[in-house]
Amino acid sequence: MQPADLKFSKARAYQLARRAVLFSSLSLAVLTPLWRLGNIERESAGVAAQGTRVVIADRLPDVASPMLGAPWTVRVFGIEFMDPLAAIGLAVAGGFPLGAWLGVLLPLVLVAALGRFFCGWLCPYLPLLALSNSVRALLARLGLALPDVRLPKRAGFMLLAVVLISAAVGGTQLGALLYPPSLLGRELFRYIFYGTCGTGALLILAVFLFDTFVARAGFCRSLCPGGALFRILGGASPITVKRVAPDCTACTACDVVCNLGQKPMTDQIDSGCDRCGKCISVCPTGALHFGIETTAKSTSFALRKGMR
Amino acid sequence: MNRRGLLSAALAAIAGVAIGLRARKRRTHFLRPPTADGAAFEARCIRCFRCAEVCPPKAIRLDGSLALTIDLPYIEAAERGCTLCMKCTEACPTGALTPTAPDSRIVHQSIKMGVPILARDRCISWRGAGVCRLCYYVCPYPDTAVALVGPQQAPLFDPAQCVGCGLCEEACPSIARAIRILPRRAVVG
């Protein structure tokens, strides 16, 4: 059985909602740079109209901007939001003011409640992952079975540690170069502003090739430092996929459809679940559903659960 | 934690420290956006593109080299100088750039991006090949950062007064290309 053979017949509203959220986030990622480019071109035109090339900004026409930046760190109507990976990288580098955490609070609360749902609902890499899976399915149909290497789960946590330690010794914010949402947002901006791609495009290509030819969704599953962070922070999330055992026919559809190596059919769901709900949607007998898990009692337990 | 876990943790720690220290040691040859303070800037920039996003002359670009400096913003003054509008400092979410008022007096006091290096053997005025004065006309601090001397009205820069915006480098005619703005850090350390 291939993931491409499976039909989403259940929980259609859930998949529709997920795709709508993903589509709006992708649209914003494309429309914001276009709109911003229009803004600065209008500003430059204003400068040219004043007949001087040298302008210190109190003479520049100010264009009001309700939105600034890509999702990695965005300002909406004056409120700053920041990706937890960026925020923690800055915090360990020292001098991330307490007030700045306000904009990280919302993502943190969402992750604590919902686990690594960003990965399944918002990550701009998802369309590329879908493409990678299609290439894999196509090649499999042509008789070329690609490997699906299972890297140890700790690889992602190691990468996260490298990111945080290199930031802590005051070196560099490596997360920006290893985290697909950051890379993709920036490359979109760069392409729209300058018409060129940067080294970031090569890094994205490397992730894509790895996912296609080495391990299915291998980067998301076991390398992404952001995913690893969300696993730790969302370890206490009570929301998980539950199975009604008598309804289950052990058809393996749910295990096959999962990009992240979860095994709902045998009730083996860990912090790697991105709440995409595809397993629920493909289950032919409707034996799977989202439920509340109440085993996580303490934070330390949750942290250990997240690392598992 | 078992032995393999410990080993991985140690490996990650060593790699992290090695990469971090390597990034710290680097001396940049890039002209960074205004208020970027060398090592502190490079340690805090999360490469979000927001400084480039708000830059009216599109002077800010992102490093495309294959090094740890990938995608850090810089200014290629030969193509586009900084108009000192200070919008990038206001857009920066991390403190890699320090918000600064776009007031010409404050900018003069607090911005020290680079220092001008003039190759007199290339300068039209210094060579006696004509009267050019373009650098003087575009300078936001004429008579302070650059003065005109002699019968050919040749430019004389005062690095202590120059903010390093690079507008003169941009303006310097392509037949001369006599001015280079070097990052202050690369010159004075």
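Trainee: Leaving aside its neighbours within four places in sequence, which residues is Cys254(A) in contact with?
Mentor: Bearing in mind that this is a predicted model, Cys254(A) is in contact with Pro264(A), Met265(A), Cys279(A), Val282(A), Cys283(A) and Leu288(A), once its neighbours within four places in sequence are left aside. The word contact applies to two residues if their C-beta atoms, placed from the backbone, lie within 7 Å.

Trainee: Which residues touch the most other members of the largest nonpolar core?
Mentor: Cys254(A) is one of them, together with Val162(A), Cys279(A) and Cys51(B), in a core of 122 residues. Helix H6 of chain A, residues 154-168, gives the largest share of this core, with ten residues.

Trainee: What makes you say that this core lies between domain 1 and domain 2 of chain B?
Mentor: Domain 1 (28-111) and domain 2 (113-184) of chain B both give residues to the core, and therefore it is said to lie between them.

Trainee: How do you know where domain 1 and domain 2 of chain B stand relative to each other, in terms of their C-alpha centres?
Mentor: The C-alpha centres of domain 1 of chain B and domain 2 of chain B lie 22 Å apart. The contact takes 18 residues from domain 1 of chain B and twelve residues from domain 2 of chain B. On the side of domain 1 of chain B that touches domain 2 of chain B, H5(B) supplies the largest share, three residues, and the residues of that side divide into ten nonpolar, five polar and three charged.

Trainee: Why is Pro34(B) called buried?
Mentor: A residue is buried if 20 or more other C-beta atoms lie within 10 Å of its own, and Pro34(B) has 26 other C-beta atoms within 10 Å, so the term applies. Pro34(B) is placed in the loop between H1 and H2 of chain B. Its contacts beyond four places in sequence include Cys82(B), Leu84(B), Thr89(B) and Met113(B). As for Thr89(B), Pro34(B) is 55 residues away from it in sequence but 7.2 Å away in space, C-alpha to C-alpha.

Trainee: What makes helix H11 of chain A largely enclosed by the rest of the structure?
Mentor: Nine of the nine residues of H11(A), which spans residues 225-233, are buried, and so the helix is largely enclosed by the rest of the structure. Among them are Phe230(A) and Arg231(A).

Trainee: How do you know that helix H2 of chain A is mostly covered?
Mentor: Eight of the ten residues of H2(A), residues 84-93, are buried, including Pro84(A), Ile88(A) and Ala93(A). Just after this helix, Gly94(A) takes a positive phi of about 95°.

Trainee: Why are strands S1 and S3 of chain A said to stand at the edges of their sheet?
Mentor: Three strands of chain A form an open sheet in the order S1-S2-S3, with antiparallel pairing. S1(A), residues 67-68, and S3(A), residues 79-82, each have a single partner strand, so one side of each is left without a neighbour in the sheet.

Trainee: What makes S1(A) and S2(A) count as paired?
Mentor: Two strands pair if DSSP finds at least two bridges between them, and S1(A) and S2(A) have two bridges in the antiparallel sense. Met67(A) stands opposite Val76(A) in S2(A). These strands form a hairpin with four residues between them, and Gly69(A) in the turn has a positive phi of about 90°.

Trainee: Over how many bridges do S2(A) and S3(A) pair?
Mentor: S2(A), residues 73-76, pairs with S3(A) in the antiparallel sense over four bridges. In S3(A), Met82(A) is the bridge partner of Thr73(A), while Ile79(A) is that of Val76(A). Their hairpin has two residues between the strands, and Phe77(A) takes a positive phi near 50° there.

Definitions and conventions. Residues numbered from 1 in each chain as written. Chains lettered and ligands numbered in written order. Predicted model: local features only at pLDDT ≥ 70, side-chain atom pairs only at ≥ 80, totals over all residues. Buried ≥ 20, exposed ≤ 12 C-beta atoms within 10 Å, placed from the backbone. Core = buried A, V, L, I, M, F, W, Y, C linked by C-beta atoms within 7 Å. Domains from an automatic or database assignment. Nonpolar A, V, L, I, M, F, W, Y, C, P; charged D, E, K, R; others polar.
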